[in-house]
Each structure stands twice: as structure tokens, then as C-alpha cells.
Amino acid sequence: MVLAAVCGFHLQALSQASQPASASAAASKGEPQSSHSLGMATAGPQQAQYDDQHRPITAGGFVKSGPIVFQDVAAAAGLTSWHHKAGTAEKRLILEAKGPGVCLLDYDNDGWLDIFLVNGSTYDALDGKETPPHAALFHNNHDGTFTNVTESAGVANDRWGYGCAVGDFNNDGWPDLYVTNYGKNRLYRNNRDGTFTDVAEQAGVTIGTWSAGATFGDYDGDGRLDLFVDGYAQIDLANPPISGSKAVGYGRCQYRGIEVMCGPRGLKGEHDHLFHNNGDGTFTDVSKKLGVDDPNGYYGLGALFADVNNDGKPDLLVANDSTPNYLYMNKGDGTFEDDSYISGYALNEDGREIANMGIAVGDYQNNGHLSVVNTDFADDYNVLFQNDGTGAFTDVSYQAGIARSSIPFVGFADGFLDYDNDGWKDLLVINGHVYPQVDQHPEWGQSYAQRPLLYHNLKNGKFELVPAVEGTGLARVSVGRGAAFGDIFNDGKIDVVVNNMDGVPLLLRNVNADRHHWVEVKLIGGPKSPRDAVGATLYLDAAGIRQRGDVLSGGSYLSSNDFRVHFGLGDALAAGSLEIHWPFGAKETVKLPAVDRIYTVTEGKGITGALCNGKECDANK
């Protein structure tokens, strides 16, 4: 997030030595550098946009009627009994503006997605003066409601939390949960009885600095999930980076002439960590050995293992705030090659870094290639990196129709989803500003709480913004951060859980009026693949098109989505044929018997289960 970007921000009197390591490191390597001065990582101020009631377009622009896609049912579902908290309302430190993420996981293996919401903390809680805010695990009751089981499950995480990622690291068939914090991280091992145990210390994955994004993936093909965790910035609360303080060289931190929190530029970046799974419950940090430890000290946020060059090996994408992105290509021998610049993923089409936050990957063109959308700060645009199938990316944001409308917004979470089940992936972006002060300056045309942006896939490489109808989920304004995407109600429609800064979550239930058909697939890996099949790629041939879906851990913004892969079928009555590329390398073809089913496919055994209307049914009918 560009917390110190956009024209008008400056850190006066900062010396060259206090600049982020990226500038000097890039210069020494002859890599492209931003032409902006310190603290300016995005484009300059854009003209304010208002709706017909003179509300900033970020909190307005609603229409009276139109297609209703989402309704916020968080209150009816019982989620609004929980509240996120991070620092103070004024947001004096950048520490208070990051997070929170959200993860979807079926922790009790009952076939229904449960919800884990990360919480922040307060300075008094860090000092032991008050009870810290707790994270929340909500159990899905199968009837549209959820029960808070945090205490009995043992996942309160009484630390300053930011993100989470799901992965079955010990291959016992039960999803485990990793939580990133300011301070020590947690690895919650699933005890298979509705409870978890924090095993981060003995596993060797606590880190203890400021971690942000996390992703599980089997980078070396040994059948065990490894763990990547990126770091954001170095913050010493004994010497906090407050405007005018010694920590920032006595400089003033301003946004459009108003004093705000400092960072990330001007702060020292944290390093990244890749942990190799040893298979005995412990991990080994191989970051430096493999060259993925971020020696430049960039500000890491989104992170995701995904195969972007179609060679069957998970590559590693890291979205860095106000600094160039990383793309580490998996060489297939247990090592990586840094292709960040040569791939086109490091910078936008103008050749400059942006305030990268969220990562969405998906085959939106139905050509078998994973393209990437990175969210960005206001006055700049969200970037769609189109993939040619070899891991070479082109910024097609304006051509695709997602750039211009995103400029007034501060984007965080994002995800590809086929909300209308027509067989083509659409795009949802969750927004929310980082400076509460923007509400005091209506002339800027910005708001702290902002509405989501939904883009419908026009099937020709372009997207169209879906209007936000008053009173619906798309018209909900919130200080959005993390979001997770999945079929929460087991009805074949993709829903979204949004975790908001200093607020209650949103549960955007998909109520789109289409009657299109669909299928979903849960994979169970064999003895040589990760048990939860993270890293698998699926191709569905149905309804005259070939769709791609991937089993991924992490992504969005500090969040983790449904591991079940969803395919819309339009009006087709035949579910088609599924080609599965398992993580270990085996390929398997499965004929799906019927539409509107959630199938379980076990490696080497074909279909081994099915859900119809949320209940077990005959998998062969």
C-alpha cells in the first residue's frame, strides 16, 4: 500500500541513507528505478470525482435499480458480534493501517466452509495493560448462520495480527492455519477434534518481526507444503516513525499538505522468508540460499505460489508496496530464478513501481494462462498483467477496462470469480483508504470508507463495471482490507467475506438472478502430492469452452480462498470432462456425471464423493 505515496507526500530532510534499500540496490544492479522522489511511488493527484449528490465517487455513484449481485448478510449470519481493532482512530503509525486478512477453511471436514478473521491489537495490549483483541473462528452451521468457536478451538491469536494462509502442512487430511503478526507468527496445527495447537516455535516459523502475506506451496515437488512469508517494514515502538521524529530524520510526513502517518517509503523494509518443510513437523529457512529473502528490503504485502509458465511447478509472486514486484520462476530443481523485470511483472506499463497490495490470479480469457491483477493506491490504477502463457506479462489495464474506474479508490483485496456462472471469470476489488483525514477534505473527492468494484467479463478480453445498486452489497462502504472468495452456502455461487479495518466484517452473499449451471471440485492428493492438492491445476472442457482453475493457498490481500475449484457452465446441461494436473506431475481425466454438484476427486481413484444441495449424494448420478 502506498501509505506515503501520491503527489503531496514528502519526507523533508531525509538523507539518501534513509531511503528504502530498493533505490540503492536497484541502482547498483542497473535495474529500472522510479523517477519519483522519496515517498512518491504512484501518479500525481487526479481530478476529484463526485456523484450527482456531490459524494466522492468512492462512497457514492449508486443507482436506483439494476442487477443485484451481492447482499451483505453478515448480521443475519452472526458475524457482526465480532469487531476488528487496530491501534487508534487517528492512525498515527503505519502499523495501525495494515491488515486484516480473512481465511476460508473447512477446519472440521464437514463439507462446509468456516471463516477465520484476523484481528489487530492496541499499544496498551502490547504493554500488557489491557486484554488484546482476539481473532475469530466462525463455524458454519449449514443453515446460513455461524457460531464463534474461537476459544474452544484455541485460535484467538492474542497478538497484533495481519494475515493468514491455509495449508495442510503435515499431510494428515486436515487444514492447518498460519497467522502473520507484528512479532511472532503462529502456526495452528489442526488437532482433528475441533481444536488447534500453536506449533510455530517447534516448527521454526515464528520469525518475530513484522510479517504480512503468506502462502503455502510445494516448490520442490517432494509432496510436502513449504511456506513463504513476506515482511513489510521495520518498526521500533521505542523509537516510532512519527512525523517530525528522529526515526524519520525529523522530516514531516504529509499527504496533500496534511500531516499523516509515515511510511512505507523512508522506513527500512523487512526481509522475506521461505521455509522448506522437513516432513517431521519442522521447517528450515532456505530464503538466502535460494535468493528469495528480499535483500533489497522491499515492502512485501501480497504473496502467492502459482504456476504462471505452465510447466507444472509453482512459481512465486510477491506484491511489494511502493517498490517493484518480485516474480521468482521455479526452475524445477528446487531453485528459483528472479525474473521480476524480464517478465514485465516488476513495474507497470509506464516503467514504474506502484503501491502493490492484493494479488488475484485467474484465466480470465479461457486460454489456459494465469493472468494477474495487483491492486493499487488512489490516484493510480489497478494493474492487469496479462500472461502470454510463458510467464511474460503485459500491462493491459486500460485496454481491459479496469484502470480508469479504479483511480479514485485505494484497492486492497481482489479476486477472480465467475459470479454469474457463465463460464468466464469476473473480477471483484475491495477498497478502503488508509488516511482517516481524507474525510475532513471533501475537495479531494476521497473517502475513508469505500465501496467495492465488480467487473463483469465481456468474453473479449474486456471488463465492464457493474453498477452498485442502492442497498445492496456493492453499495456497502467500509474500510475494506482482506477478502476471501468461496462457495460459503454450498449453492454453487461464489460469495465473499471481507474483513474491515476497525469494524465488523461483511459477508457478501451472491444472490445474482442467473440460473446457470456449475460444478465444483475438491481434490485429495495421493501419496506423492500434498494431501490438500495445493498446486494442482484443473482444466474443464464443457459448454464449448476450456476453463482453468488452480488450487492455491494465499493471495487476495493477506487472505486465503476456498480450495475447491469452481466452474460456471452457463446453460449447459452436461458437466463435461475434467483434466487434472496433480502437483506431483501425474495427469488424470475424469468425466463428471452431472451439473450442480460439488465433487470430491482423489488422486488415482477418480470421483470419491459428491454434495448435492449441501448434502451427500450419489457421485455417479
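Mentor: The discussion below takes up pockets, cavities and salt bridges in turn. This is a predicted model in which local features need pLDDT of at least 70 and side-chain atom pairs count only at pLDDT 80 or more, while totals for chains, interfaces and linings use all residues. Residues are numbered from 1 along each chain as its sequence is written, and side-chain values use heavy atoms, with hydrogens and water left out.

Trainee: How much space lies in the largest pocket?

Mentor: Rolling a probe the size of a water molecule over the atoms shows where empty space is left. On a 1 Å grid over the protein atoms alone, a cavity is a set of points where a 1.4 Å probe fits but cannot get out, and a pocket is an open set with protein on both sides within 12 Å along at least five of seven lines; lining residues have an atom within 4 Å of a point. A volume is the space filled by probe spheres set on the points, which are joined across faces, edges and corners. Here the largest pocket holds about 750 Å³. Its lining comprises 34 residues, and those closest to the centre are Asp106, Asn109, Gly111, Lys522 and Thr600. Strand S38 (606–612) is among the contributors of at least two residues, and S38 gives the most, with four. Strands (E, at least two residues) are DSSP runs numbered from the N terminus.

Trainee: Which residues are closest to the centre of the largest cavity?

Mentor: The structure has five cavities of 30 Å³ or more, and the largest contains about 550 Å³. Of its 33 lining residues, Val361, Phe416, Asp550, Asn561 and Asp562 lie closest to the centre.

Trainee: How many salt bridges does the structure hold?

Mentor: Side chains of opposite charge can pair when their charged atoms come close. A salt bridge requires a side-chain nitrogen of Lys or Arg within 4 Å of a carboxyl oxygen of Asp or Glu, and the structure holds 22. In one of them, the closest N and O atoms of Arg256 and Asp379 are 2.8 Å apart. Both residues lie in loops, so the pair ties together parts that are 123 residues apart in sequence.

Trainee: Is Asp379 buried or exposed?

Mentor: Buried means under 20% relative accessible area, exposed over 50%, and partly exposed in between (1.4 Å probe, protein chains only). Asp379 has 5% relative accessibility, so this residue counts as buried. Asp541 and Arg546 also form a salt bridge, at 2.7 Å from N to O; Asp541 is partly exposed at 34%, and Arg546 is partly exposed at 32%.
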